[in-house]
Amino acid sequence: MTAMPMPPPSADRSPAEPLPADTLPADTLPADTLDDLERALAFLGRIQEASQRKRGYPLERALYLLLGRIVESEGLTISHLAQALLLDESTVTRQVATLGQAGLVEKRPNPADRRSLLVGATATGRDQHAAMRALRLERIGLLFAPWSESDREAFRHLLGRYIDDATARINDPTV
């Protein structure tokens, strides 16, 4: 997760580290807290979708995330990309094909395993990702400008912690 385009892992624990044994089961948390969190997380997804539509970004969010991972790593297999982005390989294969048709990525032989290919960004892909990242950073900067530095840092920390915990437990059938 360290190379993914998202907040850094929380300072409390690395993303690979298991959750503490004293993590409370959901039924011990106040119902109103769970209700508020569920609603907020659902609406967060809606805000992301609406922002994508209204801002006219050059890439849809899924392709931006994939291209960002490719730009950061230069040379990952479809399997590694799928694992890093929590997607299935068929989805990543389709998305890589879309990016390839747009001239943003290219496939090349994997020197470590000639049976597979590595996906790398083209110069156009790196430029387009950098341009979209600059637009997103500008927008995020404007959204958080009224917040105090301590509030921004607390939110960054807690959001990073949430992402770490959710990612670590994505395959846990009890969550």
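Ile-170 sits in the segment that follows helix H6, in a predicted model. At 48% relative accessibility it counts as partly exposed (buried means under 20% relative accessible area, exposed over 50%, and partly exposed in between, with a 1.4 Å probe and protein chains only). The C-alpha atoms of Ile-170 and Leu-86 are separated by 8.4 Å, although these residues are 84 residues apart along the chain. Residues are numbered from 1 along each chain as its sequence is written. In this predicted model, local features need pLDDT of at least 70 and side-chain atom pairs count only at pLDDT 80 or more, while totals for chains, interfaces and linings use all residues; side-chain values use heavy atoms, with hydrogens and water left out.

**The chain as a whole**

- The secondary structure comes to 6 helices and 2 strands (helices are DSSP runs of H or I with at least four residues, strands are runs of E with at least two, and both are numbered from the N terminus).
- Of the chain's 175 residues, 26% count as buried.
- The chain exposes about 11,400 Å², and carbon and sulfur atoms supply 57% of that area (accessible areas come from the Shrake-Rupley method with a 1.4 Å probe, and for residues only the protein chains shown count as cover).
- Among contacts between residues at least 6 apart in sequence, 58% join residues at least 24 apart (contact means heavy atoms within 4.5 Å).

- The phi angle of Leu-86 is near 60 degrees, a positive value in a residue other than glycine.
- Leu-86 is partly exposed, with a relative accessible area of 46%.
- Helix H4 (residues 89–101) is where you will find Gln-95.
- Gln-95 counts as buried because its relative accessibility is 13%.
- Leaving aside residues up to four places away in sequence, Gln-95 touches Ala-62, Leu-63, Leu-66 and Leu-87.

- Helix H5 (residues 123–144) has 22 residues, which at 1.5 Å a residue should span 32 Å; its end C-alpha atoms are 31 Å apart, in agreement with that (the expected span is 1.5 Å times one less than the number of residues).
- Its buried residues are Gly-125, His-129, Met-132, Arg-136 and Arg-139.
- Seen down the axis of H5, these buried residues fall within an arc of 95 degrees, so they line one face of the helix (the arc is that of the directions from the helix axis to the C-beta atoms).
- The buried residues of H5 pack against helix H1 (31–55) and helix H2 (61–73).
- On the face of H5 turned away from its buried side are the exposed residues Asp-127, Glu-138 and Leu-142.

**Salt bridges**

- The structure holds 5 salt bridges (a salt bridge is a side-chain nitrogen of Lys or Arg within 4 Å of a carboxyl oxygen of Asp or Glu).
- Side chains of opposite charge can pair when their charged atoms come close.
- One of the bridges joins the side chains of Arg-39 and Asp-35 (2.0 Å, N to O).
- Arg-39 and Asp-35 both lie in helix H1, 4 residues apart, or about one turn of the helix.
- Arg-39 is partly exposed at a relative accessible area of 46%, and Asp-35 is partly exposed at 36%.
- Another bridge joins the side chains of Glu-49 and Arg-46 (3.6 Å, N to O).
- Glu-49 and Arg-46 are 3 residues apart in helix H1, so about one helical turn separates them.
- Glu-49 counts as partly exposed, at 40% relative accessibility.
- The side chains of Glu-153 and Arg-156 also meet in a salt bridge (2.5 Å, N to O).
- Glu-153 and Arg-156 are 3 residues apart in helix H6, so about one helical turn separates them too.
- Glu-153 counts as partly exposed at 34% relative accessibility, and Arg-156 counts as partly exposed at 34%.
- An α-helix has 3.6 residues a turn, so residues three or four places apart point the same way.

- Leu-41, Leu-44 and Tyr-162 make a nonpolar surface patch of about 270 Å² (patches are made of residues with over 30% relative accessible area and no salt bridge; like charges are joined within 9 Å, and nonpolar side chains, namely Val, Leu, Ile, Met, Phe, Trp and Tyr, within 5 Å).
- Tyr-162 lies in helix H6 (residues 149–168).
- Tyr-162 is partly exposed, with a relative accessible area of 42%.
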